[in-house]
Amino acid sequence: MTQRELRTLSVPEGVAGERIDSALTRVLGLSRTSVVKLLEDGDITTNGKVMPKSDRVVAGQVIEVLMPAPINSDPIPLTPLEGLGIIYDDNDIVVIDKPVGCAAHPSPGWTGPTVVGALMAAGYSVSTSGPAERQGIVHRLDVGTSGLMIVAKSDQAFHALKDAFRNRTVSKIYHALVQGHMDPSTGTIDAPIDRHPKEDHRFAVVATGKESITHYEVMEFYRAVSMVKIELETGRTHQIRVHFSALHHPLVGDTTYGADPVLGKSLGMSRPWLHAAELSFSHPVTQAKLNFKAPYPSDLTGSLALLSDAVLP
């Protein structure tokens with residue numbers, strides 16, 4: 001049996017005030033699911049006491065973590081995926097057009113295709129930097145979101161891109177169809193986000209959450225809905241979905257965050273109407289300026305066709 005490592009760490013200033021599960025996910029490089037399991041198993045302590053996942057950490061706090069046993073056997077599952085679009089490819093990065101229904105990387109409980117597994121199945125190499133299950137992943141799209149993703153192929157590119165996303169030098173533009181008519185038609189949503197206080201699978205605007213900034217501009221008004229161009233300044237999990245739901249304009253089809261299921265069904269949507277439409281960034285090695293766009297997939301164009309005779313003057 002593999003001996004588990006007991007690691008002692010002092011909480012850095014950069015994560016002070018965060019929940020223990022969020023803080024250790026960042027500090028240890030583990031997935032949040034792995035950290036939550038350690039917390040539930042009593043493997044994370046401070047001053048000899050087991051820490052609940054709702055605890056918030058303070059700078060300098062000493063925490064002991066009985067690290068999970070290393071995974072020596074199972075490689076990332078190869079998951080061939082029809083419909084995975086390769087937009088750009090060189091020795092350091094690959095830019096893909098991710099179809100809906102594909103996760104960014106393997107995770108407990110997910111048995112469907114993944115971006116990493118699909119790329120490897122197609123013969124692409126990816127960087128081995130970062131946690132084993134997230135090789136090459138420098139940012140993510142939800143399973144139910146389509147569009148552009150960058151995956152690092154070289155370790156140099158992985159670290160440079162992680163820094164670029166952290167420093168907010170990557171431009172990420174999304175298109176979304178939201179319920180109702182946005183008023184004003186342009187604006188900025190600046191509202192902190194954290195896990196929902198009562199429902200762990202959701203996120204919410206929370207006063208003590210992480211800074212979250214979303215810029216938007218209405219592209220088109222339709223009957224009962226608005227097509228919105230969105231630029232993210234930060235990249236929190238479910239940020240777009242949470243922010244527009246908080247304004248009472250949930251994404252069409254996003255029943256998790258309060259969308260009208262009847263409206264979604266009438267437009268043929270079984271997932272949130274959200275697409276990562278454009279990415280602009282400096283190449284992590286050559287520094288060349290790159291810009292990529294991805295067209296809407298068939299389910300989104302189909303829903304727009306149903307609205308085409310309802311454009312407002």
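How many of the nine residues of strand 14 (residues 274–282) are buried? The count is seven, so strand 14 is largely enclosed by the rest of the structure; buried here means under 20% relative accessible area, exposed means over 50%, and partly exposed is what falls in between, with a 1.4 Å probe and protein chains only. The model is a predicted one, so to speak of local features takes a pLDDT of at least 70 and to count side-chain atom pairs a pLDDT of 80 or more, while totals for chains, interfaces and linings use all residues. Residue numbers start from 1 along each chain as its sequence is written, and side-chain values use heavy atoms, with hydrogens and water left out.

Strand 14 has several partners. Helices (H or I, at least four residues) and strands (E, at least two) are DSSP runs numbered from the N terminus, and two strands pair if DSSP finds at least two bridges between them. Strand 7 (residues 146–152) runs parallel to strand 14 and is joined to it by two bridges, with S146 partnered by H275. Strand 8 (residues 171–179) runs antiparallel to strand 14, through six bridges; here I173 sits opposite E278. Strand 15 (residues 289–293) is also antiparallel to strand 14, with five bridges, and F281 faces L290 there. Strands 14 and 15 make a hairpin with six residues between them, and Q287 in the turn shows a positive phi of about 70°.

An open sheet of four strands runs in the order 1-4-2-3, with antiparallel pairing. Strand 1 and strand 3 (49–50) are the edges, each with a single partner strand, so one side of each has no neighbour in the sheet. Strands 2 and 4 pair antiparallel over two bridges, and T45 has E64 in strand 4 as its bridge partner. Helix 1 packs on this sheet, touching strands 1, 2 and 4, with its direction at about 105° to that of strand 1. Helix 2 lies across strands 2, 3 and 4, at about 65° to strand 2.

The two helices also meet each other. Helix 1 (residues 20–28) and helix 2 (residues 32–40) pack at about 125°, their axes 9 Å apart; axes are lines fitted to C-alpha atoms, for helices over the stretch in contact, and angles run from 0 to 180 degrees between N-to-C directions. That makes helix 1 oblique to helix 2, given that angles under 35 degrees count as roughly parallel, over 145 as roughly antiparallel, 65 to 115 as roughly perpendicular and the rest as oblique. On the helix 1 side, I20, D21, L24 and T25 meet R32, V35, V36 and L39 of helix 2, where contact means heavy atoms within 4.5 Å. Helix 1 is mostly covered, with seven of its nine residues buried. Among the elements covering those buried residues are helix 2, strand 1 (6–10) and strand 10 (193–195).

Most residues other than glycine have a negative phi, and most peptide bonds are trans. D183 and P184 are joined by a cis peptide bond, with omega about 10°, and P184 sits in the loop between strand 8 and strand 9 (186–190). N47, in the loop between strands 2 and 3, has a positive phi near 55° and is exposed, at 76% relative accessible area.
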